[in-house]
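Subject: Structure for you, with notes

Hi there,

Here is the structure I promised to pass on. Have a look at it first, and then read on for what turned up.

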Amino acid sequence: MKNLKIFVPALLLFLVAITGCSDKSVKIYTANVPVYADAATWRATTFTLGTPTALRNPGKIYLYNDLLIVNEHMQGVHIYDNSNPSAPQDLGFLPVLANVDIAVRNNIMYLDSYSDLLSFDISDPRQPHYLNRLTDVFSFDNYLDIPGLNGNLPVTNVDPTLGIVTGWKQEKTTEEIYGYYGRGGMLEDFSTLSNGGVAGIAAFPGVGQAGSTARFTIQDHHLYTLEDRELGVFDIAEGMIHVSDIGLTRTSETLFPQEGYLYIGTTTGLSIYSLSNPSNPTFVSDLAHARSCDPVVVQGDKAFVTLSTGTNCGGATNSLFVIDLANIAAPSTLYEYPLTNPKGLGVDGNTLFVCDGADGLKIFDKTDLSQINNHQISHFGGIVAADVIPRNQVLILTSEAGIVQYSYADLNNIVELSRIAVVQ
């Protein structure tokens with residue numbers, strides 16, 4: 001939801017000479033200009049599952065029973081019948097502007113859309129039925145991710161009072177430039193423009209399964225949502241009730257529930273919150289680490305965390321960490337293993353799946369936690385791996401190339417079952 005801050009032009013930057021005097025000029029240039037829609041009109045839009053469309057920019061993935069739901073980043077969700085992982089059937093595309101995250105409980109699908117939370121009945125996944133909307137429950141500033149932006153051009157200001165930003169157009173823009181004549185009589189124009197490029201779970205009864213980079217998760221009848229420094233709590237027993245927003249002390253990235261706790265991967269450490277009162281998660285402990293993005297999965301009293309460089313989170317190391325949670329009030333790092341550029345990860349029994357960025361998918365036997373790096377089972381290169389969901393001996397991988405499914409029923413012969421390729 002909040003993975004990129006808006007960059008806007010610096011309209012005025014003054015350099016004042018002690019004896020200088022001001023002047024003004026006009027600069028005309030081509031820029032990205034927001035396309036607005038009236039908020040009330042936009043929120044009255046009806047939702048219909050359209051015909052299958054090509055996968056172009058896959059985001060989060062989610063499994064619910066035999067359904068595979070794939071986010072098309074900032075545009076909506078593809079819904080697939082995945083009862084046969086060797087031949088997933090594309091049921092259609094549900095367009096939902098500014099959608100990033102997904103969660104499902106008891107046939108109700110929850111999606112973020114701009115600053116709103118939406119719910120859909122997917123009892124019949126071929127005909128999702130829109131149920132409800134909670135407005136302005138999230139803050140939103142991911143404007144540069146809205147489709148239509150030309151990353152090679154500067155970006156004009158977004159004015160939220162004009163409505164919802166539904167896209168971008170490129171057009172001539174006029175800007176007044178204020179310069180100052182210094183002692184030498186030369187005009188010094190320090191106006192600048194930022195080009196700002198585009199940024200690029202545990203399962204419970206009746207609840208689906210997300211990947212390790214999820215910001216939505218469900219435990220019992222509560223939906224938990226994550227923003228940079230805020231944990232949202234929603235009661236979804238009947239309908240949707242926004243219970244509270246809990247301030248967090250660290251910039252947070254990912255959310256994983258396990259046995260009455262929420263594990264929050266942050267840019268500077270792992271935070272743990274108790275769900276003894278599900279309506280009011282309470283802080284338990286932190287484990288600090290170098291600044292980096294921090295997907296986390298938990299199994300029993302061990303957590304597995306990846307840290308990587310070259311991300312929006314900063315990044316100082318590329319490693320897999322094994323965390324001891326035996327004392328939940330004081331977690332500690334047991335082992336660290338160097339990797340290339342790890343992202344999402346998953347665990348099933350003694351098998352650990354790690355997306356190592358451009359170095360592909362790596363699969364390890366983690367039986368001996370002190371020797372994980374020496375027990376690599378398989379390595380699938382040639383793919384930029386982002387996140388995984390392992391379930392029922394089938395691994396679902398999301399990558400820049402698309403969605404790939406593998407059978408790991410035989411760990412000595414892991415085979416690709418199917419691929420939903422990205423179409424440029």
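Let me start with a question: is Asp220 buried, partly exposed or exposed? Asp220 has a relative accessible area of 48%, and the cut-off for exposed is over 50%, so Asp220 is partly exposed. Please keep in mind that this is a predicted model.

**Positive phi angles**

Asp220 sits in the loop that links strand 13 (216–219) with strand 14 (222–227). Its phi is positive, about 55°, although Asp220 is not a glycine. Most residues other than glycine have a negative phi. Glu259 is another non-glycine residue with a positive phi, of about 45°. Glu259 belongs to the loop between strand 17 (252–258) and strand 18, and with a relative accessible area of 60% it is exposed.

Strand 15 (residues 230–235) and strand 16 (residues 241–247) run antiparallel and are joined by six bridges. One of these pairs Glu230 with Gly247 of strand 16. Five residues lie between the two strands of this hairpin, and there Gly239 takes a positive phi near 75°.

**Aromatic rings**

Across the whole structure, the search gives 14 aromatic pairs. Among them is Tyr114 with Tyr143, an edge-to-face pair with 6.3 Å from centre to centre and 65° between the planes. Tyr114 is in the loop between strand 7 (108–113) and strand 8 (116–121), while Tyr143 is in the loop between strand 9 (129–134) and strand 10 (164–181), so this pair ties together parts that are 29 residues apart in sequence. Both tyrosines, Tyr114 and Tyr143, are buried.

Tyr261 and Tyr263 also form a pair, this one tilted, with 6.4 Å between the centres and 55° between the planes. Tyr261 counts as partly exposed at 24% relative accessibility, whereas Tyr263 is buried at 3%.

Tyr114 and Tyr143 also belong to one aromatic cluster with Trp42 and Phe140. Trp42 has a charge over its ring as well: the charged end of Arg133 sits there, 5.0 Å from the ring centre.

**A cavity**

Which strands each supply at least two residues to the lining of the second largest cavity? They are strand 18 (261–266), strand 19 (269–274) and strand 20 (282–288). The volume of this cavity is about 40 Å³. Its lining is made up of Leu248, Thr249, Arg250, Ser252, Ile264, Thr266, Ser271, Tyr273, Phe283 and Asp286.

**Towards the end of the chain numbering**

Ala326 is in the loop between strand 23 (319–324) and strand 24 (332–338). At 57% relative accessibility, Ala326 is exposed.

Best wishes

Note on methods. Residues numbered from 1 in each chain as written. Predicted model: local features only at pLDDT ≥ 70, side-chain atom pairs only at ≥ 80, totals over all residues. Heavy atoms only, no water. Phe/Tyr/Trp six-rings, centres within 6.5 Å; stacked < 30°, edge-to-face > 60°. Helix = DSSP H or I, 4+ residues; strand = E, 2+ residues; numbered from the N terminus. Buried < 20%, exposed > 50% of the residue type's maximum accessible area, 1.4 Å probe, protein only. Lys NZ or Arg CZ within 6 Å of the ring centre and 35° of its normal. 1 Å grid on protein atoms, 1.4 Å probe; cavity = no way out; pocket = protein on both sides within 12 Å on 5 of 7 lines; lining within 4 Å. Points joined across faces, edges and corners; volume = space filled by probe spheres on them. Pairing = 2+ DSSP bridges.
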